[in-house]
Amino acid sequence: MVDKEVDGEGSLPNRMEANPSRRISQLRAATRSARAVFLCSAPLVGLPNAGLTGQGLRLACAEPGDQLAIFGEALRELSERATYLYEEAGRYWFSTQPTLNRLADDRAKALADHDVDEAIADLLRKDAATKGGFDRVHAAPDDPVTIDEAQALALVILPPAAPHTGKGPSKSSATDAAGDALMRCRASQRRFRNTLIFVAADEANLGTARDVMRKAMAWKQIVEDKRLHDAMTTSQIADAEDKARTNRDSALKAVRAAWSHILYAVKSDIRASRSNLSTA
C-alpha cells in the first residue's frame, strides 16, 4: 500500500506529479499530502476520530511561502483515484483494505458482457409494462421473427445485441433484425408488416449505457454482500446504499437515452425480396 499510494517511483502521487506543468508537481504537493496523511493517521487507526483533517494536513505539509490550497487540491484528487485512501466527515486515512469506490470499479470490470446486456434487457422489459398507445410491446425478444401476427400496432424494443449506427437507414444489426421480423413470422411469411414498429439503441450511446449499468450492478453487489456488509461501518453502508440507488437511476436514464432510433417499414415502388426500412 505504501509503495503504491504513498511514496515511491511507481506510486500514485509520483504519477500525478509526472506532468511538470501542473501546480501540484511544482511543490510535490501530492507526495507531501500522501506522506502527511500516512504518518499522521497510521498510529490512530481504530481509535475515535482517527484520520487527518484538512487543517491538520496544511499544518503537516506547509512551509513558508507555500500556497496552502494546493495541498487540499492534491488530497481531493488522491481520494478520487486512490485504492486505500479513505475519507469520512472531513478526515482522511489509509487502510490496508480497498475503498468501496475501488471495490466497485473492480467488480464492474469483472462483470461479463452478456450479464450486463441481460440486466439492460431486464430493465427494458420492466419499462415495457407501460404500453402507451400500442396494443402490444415486445421488449428485447430473443428473436423478433417469433413475434406473433396481429392486425394491431405493436412496438418491438430490439435487444442490446441489435443496435443501430448513424442517423439514416444504413445497414446495421438493428435493420437486419427488423428486416427479418418484417419478412418472417417463425417459418411463415409475415402478412401484417406495417403493424410492427421497432426501436433500437444507438451504438455509441449503448456503450455509455453499458458502462453505467456495470457500475449499478457493482454497487448492488456490494450492498447485497453480507460478508462485506459485516465489515463496513454504518457510514459506509449508508454511502453504498446511496450510490447503489443513484447508479440504478443513472442506468435507467442512460438506457432510455440510448434507445433512440425508430425503424418502420415503408412501401417500395420496386419489388424486392424484403420490405424497405426507414428510420426516425
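**A chat about helix packing and aromatic pairs**

Guide: In this predicted model, helix H7 passes helix H10 in a right-handed crossing.

Visitor: How close do the axes of H7 and H10 come, and at what angle do they cross?

Guide: The axes of H7, which covers residues 100–110, and H10, which covers residues 203–224, come within 8 Å and cross at roughly 120°. That angle makes H7 oblique to H10, because only angles of 65 to 115 degrees count as roughly perpendicular and only those over 145 as roughly antiparallel.

Visitor: Which residues make the contact?

Guide: On the H7 side the contact is made by Leu-100, Asn-101, Leu-103, Ala-104, Arg-107, Ala-108 and Lys-109, and on the H10 side by Arg-214, Lys-215, Ala-218, Trp-219, Gln-221 and Ile-222.

Visitor: And by class, what does that contact of H7 with H10 have?

Guide: Sorted by class, there are seven nonpolar residues, two polar ones and four charged ones in the contact of H7 with H10.

Visitor: Changing topic, how many aromatic pairs does a search of the whole structure find?

Guide: The search finds two aromatic pairs. In one of them, Phe-38 and Phe-94 are arranged edge-to-face, with 6.5 Å from centre to centre and 65° between the planes.

Visitor: Where in the chain do Phe-38 and Phe-94 sit?

Guide: Phe-38 belongs to helix H4 (residues 29–41) and Phe-94 to strand E3 (residues 91–94), so that this pair, with its partners 56 residues apart, links distant parts of the chain.

Visitor: Is Phe-94 buried or exposed? And what about Phe-38?

Guide: Phe-94 counts as buried because its relative accessibility is 6%, and the cut-off for buried is under 20%. Phe-38 has a relative accessible area of 24% and is therefore partly exposed.

Visitor: What about the rings of Tyr-86 and Trp-93, and why is that pair called stacked?

Guide: The ring centres of Tyr-86 and Trp-93 are 5.8 Å apart and the planes lie at 15°, so the pair is stacked, since planes under 30 degrees apart count that way. As for accessibility, Tyr-86 is buried at 13%, and Trp-93 is buried as well, with a relative accessible area of 19%.

Visitor: What does Asp-117 touch?

Guide: Leaving aside residues up to four places away in sequence, Asp-117 touches Pro-160 and Arg-210.

Note on methods:
Residues are numbered from 1 along each chain as its sequence is written. This is a predicted model: local features need pLDDT of at least 70, side-chain atom pairs count only at pLDDT 80 or more; totals for chains, interfaces and linings use all residues. Side-chain values use heavy atoms; hydrogens and water are left out. Rings of Phe, Tyr and Trp (its six-membered ring) pair if their centres lie within 6.5 Å; planes under 30 degrees apart count as stacked, over 60 as edge-to-face and the rest as tilted. Helices (H or I, at least four residues) and strands (E, at least two) are DSSP runs, numbered from the N terminus. Buried means under 20% relative accessible area, exposed over 50%, partly exposed in between (1.4 Å probe, protein chains only). Axes are lines fitted to C-alpha atoms, for helices over the stretch in contact, and angles run from 0 to 180 degrees between N-to-C directions. Angles under 35 degrees count as roughly parallel, over 145 as roughly antiparallel, 65 to 115 as roughly perpendicular and the rest as oblique. A crossing is left-handed if the near helix is turned anticlockwise from the far one by less than a right angle, and right-handed if clockwise. Contact means heavy atoms within 4.5 Å. Ala, Val, Leu, Ile, Met, Phe, Trp, Tyr, Cys and Pro count as nonpolar, Asp, Glu, Lys and Arg as charged, and the others, Gly among them, as polar.
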